[in-house]
Amino acid sequence: MSQAASPLAPEQPRQLALLALQSVYRGAYADVAVHQTLRRGTLSDKNRGLFTELVYGCVRRRRTLEALIQQFVKKPPPPPLQPLLQLGLYQLRYLNHIPPSAAVHTTVELAKQNGLGGLAGLVNGVLRRYLRASETTDALQLPSDPIQRIGTLHSFPDWIVQVWVEQFGEAEADALCQWMNQPPTIDLRVNPLTASVTEMQAEMAAAGVAVEVLEAASQALRLTPHVGAIDRLPGFAEGKWMVQDASAQLVGQLMAPQPGDLVIDGCAAPGGKATHLAELMGDRGTVWACDRNAKRLRKVEENAQRLQLQSIRTLATDSRQLAQFVGQADRVLLDVPCSGLGTLHRHADARWRQTPASIEELSALQSELLAQGATWVKPGGRLVYATCTLHPRENEAIIQPFLKNQPDWCIEKPDAAWAFPFLNPAGWLQVLPHHHQMDGFFMVCLRHQG
Ligand SMILES: C[S@@+](CC[C@H](N)C(=O)[O-])C[C@H]1O[C@@H](n2cnc3c(N)ncnc32)[C@H](O)[C@@H]1O
């Protein structure tokens with residue numbers, strides 16, 4: 001059998017993208033489907049890039065692509081044609097480096113190669129109608145309802161758009177959705193116990209890696225895209241830095257732990273923040289890194305070892321039942337499990353996985369974790385509650401009832417200059433990706449006044 005006739009021919013990124021898309025639409029996680037294919041190592045570097053872009057792009061832009069398909073077919077196409085048409089339209093709409101004729105031709109060939117040759121004319125017709133309609137204006141017809149308009153244009157479920165429109169207004173929600181469709185940046189947190197930001201910047205520059213210093217997070221460096229394998233960058237093996245978004249680094253800054261403190265991180269794996277806290281304490285004192293996922297907790301140990309930190313101890317436990325630290329901690333961190341609506345740009349399928357019902361389940365878990373975590377704090381101590389979501393049910397709506405029911409707790413408003421761009425009058429911090437160019441985050445510092 002010739003390579004060209006095989007549905008798995010290694011040089012065919014579009015064929016592999018179609019198979020990966022089909023498995024995502026059957027329920028697989030997009031990054032699992034992508035990495036399974038990439039691990040086989042059959043694609044050239046250039047084709048790996050195209051394959052990855054096609055899968056993540058189609059999953060992310062699914063709603064927009066479905067709307068376009070609906071616009072340019074006379075009756076609903078058979079289900080197997082959906083991912084195939086999406087691949088063709090994605091290339092025409094979003095990939096400038098692929099000539100339209102090549103996008104149409106390869107999609108028609110893909111139909112033939114996958115037993116859909118009888119529908120090749122339909123595929124050709126849909127793509128050419130789209131091209132003709134795009135000649136003078138955007139071919140995508142948008143609904144007049146503002147929520148549906150934003151959802152269709154930027155490919156988001158209506159319920160997320162609704163939550164953001166209610167919170168930020170229509171124009172802001174539009175900008176936020178648009179921001180979430182761009183490629184994610186990678187930030188490093190320099191370990192001050194082994195290197196300074198200036199030294200690390202120089203080491204990277206000497207290796208030809210351009211980095212940008214970020215104002216808000218004092219240990220952060222932002223990598224320019226396409227740096228290749230992260231663990232081969234200078235300083236990784238020596239524990240001079242770890243990957244952590246700048247906004248997640250602000251959580252450590254808000255905690256401001258002191259050398260010698262007893263700190264409990266109740267939701268610690270894989271240890272991004274626990275290791276930051278140990279660094280800020282000069283590795284003096286104890287950070288208890290607790291998590292109910294024992295496997296993920298091993299990542300905390302690996303990270304602590306690479307960063308040469310001795311003060312971290314791990315504990316596999318459900319923190320809602322953790323009673324051994326009652327009244328002992330100087331500082332508690334609750335970086336709770338959340339819907340991740342602030343980091344949707346990092347996972348192509350994340351916007352389709354959460355639902356209003358999953359938000360309610362998370363919200364209940366978050367309240368329980370906060371109630372228990374507060375018992376660990378000693379009088380005068382502090383607790384930081386943080387999420388990487390932009391949903392009030394997981395943020396304000398957790399904090400407000402807690403404060404109402406616990407009169408000996410109050411919000412400790414940060415007075416450091418770095419915090420001002422994110423500070424809300426109520427005293428909590430909200431990082432807005434489309435304004436601050438970082439992952440979306442919510443964080444608040446609570447003080448036990450006892
Ligand atoms: C947002 S992640 C924490 C990220 C971590 N703080 C970091 O910076 O690397 C939330 C963590 O909470 C853990 N978790 C969820 N429910 C928990 C529970 N009831 N008790 C303890 N950990 C829990 C999850 O296993 C997950 O690792």
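A crossing is called left-handed if the near helix is turned anticlockwise from the far one by less than a right angle, and right-handed if it is turned clockwise. Helices (H or I, at least four residues) and strands (E, at least two) are DSSP runs, numbered from the N terminus. The structure is a predicted model, in which local features need pLDDT of at least 70 and side-chain atom pairs count only at pLDDT 80 or more, while totals for chains, interfaces and linings use all residues. Residues are numbered from 1 along each chain as its sequence is written.

**Domains**

The protein chain is divided into domain 1 (3-133), domain 2 (146-179), domain 3 (188-243) and domain 4 (246-448); such bounds come from an automatic or database domain assignment. The centres of domain 1 and domain 4, taken over C-alpha atoms, are separated by 40 Å.

**Helix packing**

Two packed helices are described by the angle between their axes and the distance between the axes. Axes are lines fitted to C-alpha atoms, for helices over the stretch in contact, and angles run from 0 to 180 degrees between N-to-C directions.

| Helix pair | Axis distance | Angle |
|---|---|---|
| Helix 1 (residues 13-25) and helix 2 (residues 30-39) | within 9 Å | roughly 145 degrees |
| Helix 1 and helix 6 (residues 100-113) | 10 Å | about 60 degrees |
| Helix 12 (residues 246-255) and helix 13 (residues 272-280) | within 9 Å | roughly 40 degrees |

Angles under 35 degrees count as roughly parallel, over 145 as roughly antiparallel, 65 to 115 as roughly perpendicular and the rest as oblique. With axes that cross at roughly 40 degrees, helix 12 is therefore oblique to helix 13. Helix 12 passes helix 13 in a right-handed crossing. On the side of helix 12 the contact is made by A248, Q249, V251, G252 and M255, and on that of helix 13 by G272, K273, H276, L277 and L280; residues are in contact if their C-beta atoms, placed from the backbone, lie within 7 Å. By class, this contact has 5 nonpolar, 4 polar and 1 charged residues. Here Ala, Val, Leu, Ile, Met, Phe, Trp, Tyr, Cys and Pro count as nonpolar, Asp, Glu, Lys and Arg as charged, and the others, Gly among them, as polar.

Helix 1 passes helix 2 in a right-handed crossing. L16, A20, S23 and V24 of helix 1 make the contact with A30, A33, V34 and T37 of helix 2, a set with 6 nonpolar, 2 polar and no charged residues. Helix 1 also passes helix 6 in a right-handed crossing, and these two helices are oblique to each other. R14, Q15 and L18 in helix 1 meet T106, L110 and Q113 in helix 6; by class, there are 2 nonpolar, 3 polar and 1 charged residues in this contact.

**Ligand shell**

The ligand is surrounded by 17 residues, of which the closest are C267, G272, K273, S319 and D335; a residue is near a molecule if its C-beta atom, placed from the backbone, lies within 6 Å of it. The shell divides into 6 nonpolar, 4 polar and 7 charged residues. Helix 13 and strand 6 (286-291) each supply at least two residues of the shell.

A cis peptide bond, with omega about 5 degrees, joins A269 and P270. P270 lies in the loop between strand 5 (262-265) and helix 13. D283 is not a glycine, yet has a positive phi of about 60 degrees; its place is in the loop between helix 13 and strand 6.

How values were computed: Two residues are in contact if their C-beta atoms, placed from the backbone, lie within 7 Å.
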